[in-house]
Protein chains: 2
Amino acid sequence: MNGADSVLQAAVGAGVDVCFANPGTTEVHLLGALDRTPGIRSVLGLFEGVCTGAADGFARMSGRPAMTLLHLGPGLANGAANLHNARKAASPVVNVVGTHANRHLNQDSLLSSDVSGLAQYFSLFVRETRASDDAAADFQLAYAAAVEGRGVSTVVFPTDVQWGEVTRSQPHRCREPWAAGFDAGRVEQAARELAKDNAVLIVDGAGLSREGLVAAGRIRAATGCRVFSKRQPARMESGPGVPVIERLGYFPDAAIAQLTGASTVVLAGLDEPVAIFAYQGGPSHVIPDETVVFPAARVTDDVVGALQAIAEIVDAKGKVAAEPAKPVDNGLSALIADVLPEGAIYVDEAITSAPDVFEHAVGRKEFTYLGLTGGSIGIGGPLATGAAVACGPERPVVNVQGDGSALYTLQALWTQAREELNVTTVICANHRYQILSVEQQRAGITGVSPEVEALMDLRSPEIDWVNLSHGFGVPAVRVSPEELPAAMKRAVAEDGPALIQLDIPAERK
Amino acid sequence: MNGADSVLQAAVGAGVDVCFANPGTTEVHLLGALDRTPGIRSVLGLFEGVCTGAADGFARMSGRPAMTLLHLGPGLANGAANLHNARKAASPVVNVVGTHANRHLNQDSLLSSDVSGLAQYFSLFVRETRASDDAAADFQLAYAAAVEGRGVSTVVFPTDVQWGEVTRSQPHRCREPWAAGFDAGRVEQAARELAKDNAVLIVDGAGLSREGLVAAGRIRAATGCRVFSKRQPARMESGPGVPVIERLGYFPDAAIAQLTGASTVVLAGLDEPVAIFAYQGGPSHVIPDETVVFPAARVTDDVVGALQAIAEIVDAKGKVAAEPAKPVDNGLSALIADVLPEGAIYVDEAITSAPDVFEHAVGRKEFTYLGLTGGSIGIGGPLATGAAVACGPERPVVNVQGDGSALYTLQALWTQAREELNVTTVICANHRYQILSVEQQRAGITGVSPEVEALMDLRSPEIDWVNLSHGFGVPAVRVSPEELPAAMKRAVAEDGPALIQLDIPAERK
């Protein structure tokens, strides 16, 4: 058995069954081992950002890490932006990266670079293995770190570690992930805080699962507290019997308005939420200075257990629950919410075109929400791909995308076609980086010249998504908002992926 | 004047006239400044790897840095793979990246990440500016470092540095790049080494310009030494009166065969060339152990001046020059060499499909060669884009691309369409990652299962480049090898970009 075989056997032993791969020359021995190791489904991405975003989507839907297989520093670099999103989503991902043979590492060859240094950018665990005997154990450590820490691990295998014989009969460290728990003292304190007038509970991570939201709903009903999520949580459930909670606003002024007057903010599954950007004269923090901030559970804790324990404590009290605010209708959000199929996985990367689909659909329909956790656009297609791999054809995936953001990782369409995934991509085609215009207005910049205006404009030439989609083998149509319901019905009814270019009339932009 | 204005004025003052941009919210004040600062042409890329690869192409053809404008850590990450190539090409590039306001930097917001840490991966100079008064000077330092060090500089501007008022009347450090020189003592020693029997001269960097090659040719004629370049130099000229030199082989055995018996290897414009990969039982080094290795000039030196000085010393001696070896004809390489237009800029990213176009065209035609310097595939389209921006429509750019490598950065086609660039992309469509099959054979891995075989296969579904190209607004045709000459003629004759999908018959794969 060589080092590569021992890595793949450790992966299967840990429960890994999917590998999102874009390998190269330094990974051929790992490919050979993949060939000899049953139990891992290999899914090819044409660009590494597809692989890493798919691993994030897989983790969000399955709760387990997938592995990626990437080629040296540049391959890892191409996957970095979506690994940033995975980090912010607290998604466990294990990157397996090949590199030069130990003796070749310090040569200034074409592809020499600081792979481990790069991996620090998004990883909570980085290991570069030096000996074939350590390969399996290093994989196990990386896997355990990703699961326990809810984040990205990267383990780098030189080619000689891959091809070298393993001499030990078993890995010298046996390492399984520790189960998550929660702090009982904090739970009691949280219950006291939430019983105060004008208390707020903000929930993230596993707390936005069905069980977590039910517990949060019990807390709300008992204490009268208000309950929020972040604007773009990694995953949140909606459906019959699932309490509806409000998302904090995108811009800091909106979030501040929601939190003004709060006596206490209890955090379950997250650190203090802050403004996405700090504006000139504007705040970094959205929780008022005078408000008590009490962290009840970290994202790595058993957040559901903590919420259920709080609910047990406060249940007897029985105050009246506050109702979440009703959404403002911008037309397109309501329309898309209407056509969202029952049981869908809804991926939200429409940015400005359809920002409130969640508010329009939540409570009315059963669906799972997946958000843009790290603000790095170009995750929608990859995330949808990974979610579909995790859940199979029974759950339709609807990826609602801005056209600008979809262009970063459009290669995901091909993987959806090859794997015959049940993904419908709705491209909200406003042919603009509209968020930039919004932010320029906020910054007081007006009267922009045609040359700078062109940097926000995706026309000249206009991008034709039907052609792009056909190029990757995905059936596609172009529709007006009025034609969307019929197109969505057809797309979901047919096997495999589909793309709908939704032209946005000028009055809705 | 705010900090952003001072940065753009410093850029124009340094001679920057092109900005390859993919900005976001943290760059809106830099956009505002772009608007107020005449003299910089802004070119939008739909993906950051297009911007960074284009900046590399611009630098290779103009000899000057372009700036990029990128959005926070994830934007820089998406540009990193082609910045790796730029680093290996010794191309000066100045990345300008926005980040959060100073007071917001340590908040765990959506887009918070270690931008400067990431930039270390490919940069020789990294600076994160803290005060508006330092912004112009920091840009100047970054620019000077890129030019003097022939590499990538990254300067990061928090939003408050951009919007804050500059209070100094001029930057507090005035910094212009130092001119490159060369070491006269080394030149004399190099002349003595090259006069030995079986001497070899390896040339890179500016030494592969017309003037550098003429000087190398004089040295060869005088001493009888053999002259080589690396396999994929950043840039090399061919044309009337330009001596023809041989490229070292791709695989180490080929390079070793070329260098066996060399008494001395003199290096001009590079460090010791090594094997791209180290194989099982194979070497890291391609220069024999017993050979003297003498560095005559670094890539940051005046390599042309050094070669001319060596030529002056050895000229009197007058030995008979060795002729470079003739290329092996694989059919497709010769065909593409035949159709290469006179005066073209030829971008070489065809990997396995047409590896010897250079050998077939060199000396017969006037053209400029641009190679894949860092082995990170997906540079062809961006490199061609930047070269065309640098040289204008008079010089046709022909980007010969493998289909696998082209898929990493296909968004470059749109920028070519928008800017009406004279770029013809030839997609050598073998529908495979053929290099992986070659490397598997070298590693002795045979009898691969269909699942692993599928990781090297770009069929099912087959990618249709005509559709993809039309999607981005670039006219496209699909041809057989026999139809290539007519298609190339049409593509070059018409204004703006074109794409040719060249189907490779089975017998030529």
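Modeller: A strand here is a DSSP run of at least two residues, and a helix is a run of at least four, each numbered from the N terminus. Keep in mind that this model is predicted.

Biologist: Where is Ile351(B) found?

Modeller: Ile351(B) sits in the chain B loop between strand 13 (344-349) and helix 14 (357-361).

Biologist: What makes Ile351(B) buried?

Modeller: Count the neighbours. Ile351(B) has 24 other C-beta atoms within 10 Å. The cut-off for buried is 20 or more. Therefore Ile351(B) is called buried.

Biologist: What is the phi of Ile351(B)?

Modeller: Ile351(B) has a positive phi of about 50 degrees, although it is not a glycine. Why mention that? Most residues other than glycine have a negative phi.

Biologist: Now chain A. Where is Ser460(A), and what is its phi?

Modeller: Ser460(A) is in the loop between helix 19 and helix 20 of chain A. Ser460(A) is not a glycine, yet its phi is positive, about 50 degrees.

Biologist: Why is Ser460(A) called exposed?

Modeller: Ser460(A) has 12 other C-beta atoms within 10 Å. Exposed means 12 or fewer. So Ser460(A) counts as exposed.

Biologist: Is the peptide bond from Ser460(A) to Pro461(A) cis or trans?

Modeller: That bond, from Ser460(A) to Pro461(A), is cis, with omega near -5 degrees. Pro461(A) lies in the loop between helix 19 (450-453) and helix 20 (465-471) of chain A. Most peptide bonds are trans.

Biologist: What kind of peptide bond joins Ser460(B) and Pro461(B)?

Modeller: A cis one, with omega about -5 degrees, links Ser460(B) to Pro461(B). In chain B, Pro461(B) is in the loop between helix 19 (450-453) and helix 20 (465-471).

Note on methods
Residues are numbered from 1 along each chain as its sequence is written. Chains are lettered from A and ligands numbered from 1 in the order in which they are written. This is a predicted model: local features need pLDDT of at least 70, side-chain atom pairs count only at pLDDT 80 or more; totals for chains, interfaces and linings use all residues.
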